Amino acid sequence: LRGAAVEGHDNFAHWAIVAKSILTHNAFPTAANTAVEYVSYPPGTAVWIKLVCDLLGTSDGTMLFAHIILNMACILALIPLCRRSLPVGAALVAYGIFCFLQFNGCGSLMVDYLFTLLVLATTAVILASCKEETAGALAGALTLLCFTTLVKNSGLMFAVIGLALALWAVWHSSFSRKVRWIWSGLLTLAPIGVWALWLLRVQLVYGETVSKHAVSVENYAQQISEKSAADIAAFQQSFFTYWLHPNYNGVVFFWITVALCAIIPLLLLAMGRIAKKRALLYACGSLGTLAFYLATLYLTYLLSMSREEMLVLASLPRYIVCFCAAITGLLLMALLWHLQGHKARPWAGGVILACCLYTLFVCQPGSLHCLYSKQDYQNNDEQAPWIELREEYGLPEGASYLFYTNGAPVDGWSDLMVARYVFNTDHAALWQLRDDGPYLAAAFEEYEYVVFKSPDAQSDAELERWGFDPASTP
């Protein structure tokens, strides 16, 4: 990962910039750190990245390395299942690696697919030790549940799944009734408590300021007020018909997951491994969880996202795939767990392992590139122009910048985020020349540096009007 570069809109919009802000200021973002716009997002992964960078040094490569460690730690949590059955452990580890390589990979700090691995790790910790060391298993699950709620607000749904499994372990343990209630309260209240503490911190620091995707009644009211009845109708049409188009990203995987929710309980029932009531519980529970998640997605677009994001169903494939991957992984765990002592168990583990390997090596061989090639995470096309500009003139990080880009117009939203990240500044803007002549004078007062990134005849004329020689003005 030496020389690796962070890329992608979402990384520059939040995940990379918040980590860089915490590294720079040695503190959580405040109202002064305007580069961090999603201020209500919990900082779980950014804090971990800071810890690793403090030990190894700060760079894009180290930040990516820290994020990979988080993913790999979740996969390693699946290995103890090998003690019960090597095919089971190998199959589930292969599925974890498949989820990491197929969905997230090595070149991003985004966290949606980390949730998939976190819920699988929580389940594995419980299953691997719940009989021999129940208290230890529950303590490990508690740690993972608390961390899940501090990664992103949407992690609450995944934490609820892990909590349900942990409570199942509590009430099927040999603990006394009193101890069971204590563990149940701790497992439930601790994750809620740490998440509530973060929201309280956001409220104390930012007050009534409504941030993007904030979990607050004020934000929901503002977002819904900006959407017309026609907008909502168009969104509903797109959302409810999305699942009927198999060529859309994530739709096939969604319906495969729905099918597995019915097939795996029926298979275990037919093999005599579970009773009818448990088969019905598994089928209804998994299908009900999927339906509830779709309902939360619907409300998320309606209440939390902007009009533009809602109408294009922004990031919907990523949201649904990461959740379906988690449900599929849990169903595979249930299948292998209930096949204990059955002659078909090694075969089932082998089939899962073969399917994961087949998908990686045959269907999606590009997913493996990040294991042996730098090309997947050293694409510096987004940052390179800004890094070259910074290095050419020896421009410092942390200063305030106004970048003139009229000569070669850029994306005023995405490119500004990249510029803020490269120059590590909270105060930066892109300037398209306007007719008001005094603007340059005002810019000199507001910004420490006015950088003509892409000058043209208009900017040359403006500089000459203020007594500068364009040819000799860097």
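Predicted model: local features only at pLDDT ≥ 70, side-chain atom pairs only at ≥ 80, totals over all residues.

I searched for disulfides (two cysteine sulfur atoms within 2.5 Å) and found 0 in the structure. Cys261 is in none, and its nearest cysteine sulfur, that of Cys324, lies 8.2 Å away. Cys261 is buried, at a relative accessible area of 0% (buried is under 20%, exposed over 50%, partly exposed in between, with a 1.4 Å probe and protein chains only). Cys322 is in no disulfide either; the nearest cysteine sulfur, again that of Cys324, is 8.5 Å away. Cys322 counts as buried too, at 2%.

Numbering runs from 1 along each chain as its sequence is written, and side-chain values use heavy atoms, without hydrogens and water.

Next I turned to the sheet. I see 3 strands in an open, parallel sheet, ordered β2-β1-β3 (strands are DSSP E runs of at least two residues, helices H or I runs of at least four, numbered from the N terminus; strands pair with at least two DSSP bridges). The edges are β2 (428-431) and β3 (449-452), each pairing on one side only. β1 (residues 401-404) is joined to β2 by 4 bridges, and I noted Phe403 opposite Leu430 in β2.

Last, the surface. Leu51 sits in helix α2 and is partly exposed, with a relative accessible area of 44%.
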